[in-house]
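User: I am new to reading protein models. Please take a close look at a single part and walk me through what surrounds it.

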Amino acid sequence: MNSKNVVALALLVGMGAVLHTVVPGFVFGMKPDMMLTMMFLGILLFPDVRSVLLLGIATGVISALTTSFPLGQIPNMIDKPITAFLFFGIYLIIKKFNKPTLSVAILTAAGTLISGVIFLTAAYLLVGLPGAFAILFTGTVLPAMAINTVLMVILYPVAQTIGKRTKLIPASN
């Protein structure tokens with residue numbers, strides 16, 4: 001992994017941190033996780049195991065530092081690396097389909113769903129939930145799926161074009 005990739009990934013994590021910080025918690029302190037969008041974008045632009053590992057760990061730590069969920073630090077640090085690798089695995093399976101916008105939308109929705117389930121399950125098992133699982137899921141995870149999917153459909157083509165023009169990402173992506 002070269003330094004340009006690390007800088008690009010750090011910028012994505014930084015933008016995700018800002019989004020994660022400014023979005024207010026609204027269902028028992030939970031909020032849609034906009035940081036996932038940036039993590040997924042980084043995985044799509046730099047699809048290699050080291051980048052996925054770096055993104056998963058960095059996103060988990062930053063999410064833990066900026067969470068509004070009561071005692072949500074450990075569930076965030078569990079959720080993000082697992083979600084990153086599951087997202088990457090699904091990406092490797094469906095990347096052969098030549099419908100990039102549709103694939104990115106499906107991947108983002110699935111990744112957000114996976115992340116929400118992992119986070120809520122980890123929180124339930126480790127620290128307890130401040131409300132019913134179903135309420136937290138429908139009030140936070142489902143809206144986050146919609147928001148993250150729309151954001152990704154807008155951001156991915158722009159990021160891909162900029163990355164290719166600046167030769168930051170390979171032309172094969």
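Analyst: Start with a rule for helices: the expected span is 1.5 Å times one less than the number of residues. Keep in mind that this is a predicted model.

Now apply the rule to helix α4, residues 73-94. Its 22 residues should span 32 Å.

Which residues of α4 are buried? They are Pro 75, Asn 76, Asp 79, Lys 80, Thr 83, Ala 84, Phe 87, Phe 88, Tyr 91 and Ile 94. Look at the spacing of those numbers. An α-helix has 3.6 residues a turn, so residues three or four places apart point the same way. Keep that rule in view as you read along the list.

What do these buried residues pack against? Their partners are α2 (35-45), α3 (49-66) and α5 (100-126). Take these neighbours in turn.

Begin with α2. This helix is mostly covered, with 11 of its 11 residues buried. They run from Met 35, Leu 36, Thr 37, Met 38 and Met 39 through Phe 40, Leu 41 and Gly 42 to Ile 43, Leu 44 and Leu 45. The cover over α2 includes α1, α3, α4, α5 and α6 (133-165).

A pair of aromatic rings is described by the distance of the centres and the angle of the planes. The structure holds three aromatic pairs. One of them is Phe 40 with Phe 87, which is stacked: the centres are 4.2 Å apart and the planes are 5° apart. Phe 40 lies in helix α2 and Phe 87 in helix α4, so this pair ties together parts 47 residues apart in sequence. Are these two residues buried or exposed? Phe 40 has 0% relative accessibility, so Phe 40 counts as buried. Phe 87 has a relative accessible area of 1%, so Phe 87 is buried too.

A second pair joins Phe 69 and Phe 119. Their ring centres are 5.1 Å apart and their planes stand at 75°, so this pair is edge-to-face. Phe 69 lies in the loop between α3 and α4, while Phe 119 lies in helix α5, so the pair ties together parts 50 residues apart in sequence. Both Phe 69 and Phe 119 are buried.

Next comes α3. Its 18 residues should span 26 Å, and its end C-alpha atoms are 26 Å apart, which agrees. Its buried residues are Ser 51, Val 52, Leu 55, Gly 56, Thr 59, Gly 60, Ser 63 and Ala 64. Their cover includes α1, α2 and α4.

Helix α1 gives a view of this from another side. Ala 17 lies in α1. At 16% relative accessibility, Ala 17 counts as buried, because buried means under 20%. Leaving out residues up to four places away in sequence, Ala 17 touches Met 35 and Ile 62. The C-alpha atoms of Ala 17 and Ser 63 are separated by 7.1 Å, yet these residues are 46 apart along the chain.

Now step back to the whole chain. There are six helices and zero strands. Read along the sequence, the pattern is α-α-α-α-α-α. A compact globule of 173 residues would have a radius of gyration near 16 Å; the chain has 15 Å, which agrees. The C-alpha atoms fill a box of roughly 45 × 30 × 25 Å along the principal axes.

Buried residues make up 46% of the 173 residues. Among contacts with a separation of 6 or more, 74% link residues 24 or more positions apart. The chain exposes about 8300 Å², and carbon and sulfur atoms supply 76% of that area. The average pLDDT is 88, and 94% of the residues score at least 70.

Technical notes:
Residues numbered from 1 in each chain as written. Predicted model: local features only at pLDDT ≥ 70, side-chain atom pairs only at ≥ 80, totals over all residues. Heavy atoms only, no water. Helix = DSSP H or I, 4+ residues; strand = E, 2+ residues; numbered from the N terminus. Buried < 20%, exposed > 50% of the residue type's maximum accessible area, 1.4 Å probe, protein only. Contact = heavy atoms within 4.5 Å. Phe/Tyr/Trp six-rings, centres within 6.5 Å; stacked < 30°, edge-to-face > 60°. Rg over C-alpha atoms; globule rule 2.2 N^0.38 Å. Areas by Shrake-Rupley, 256 points an atom, 1.4 Å probe, with all protein chains shown as cover. pLDDT = per-residue confidence, 0-100.
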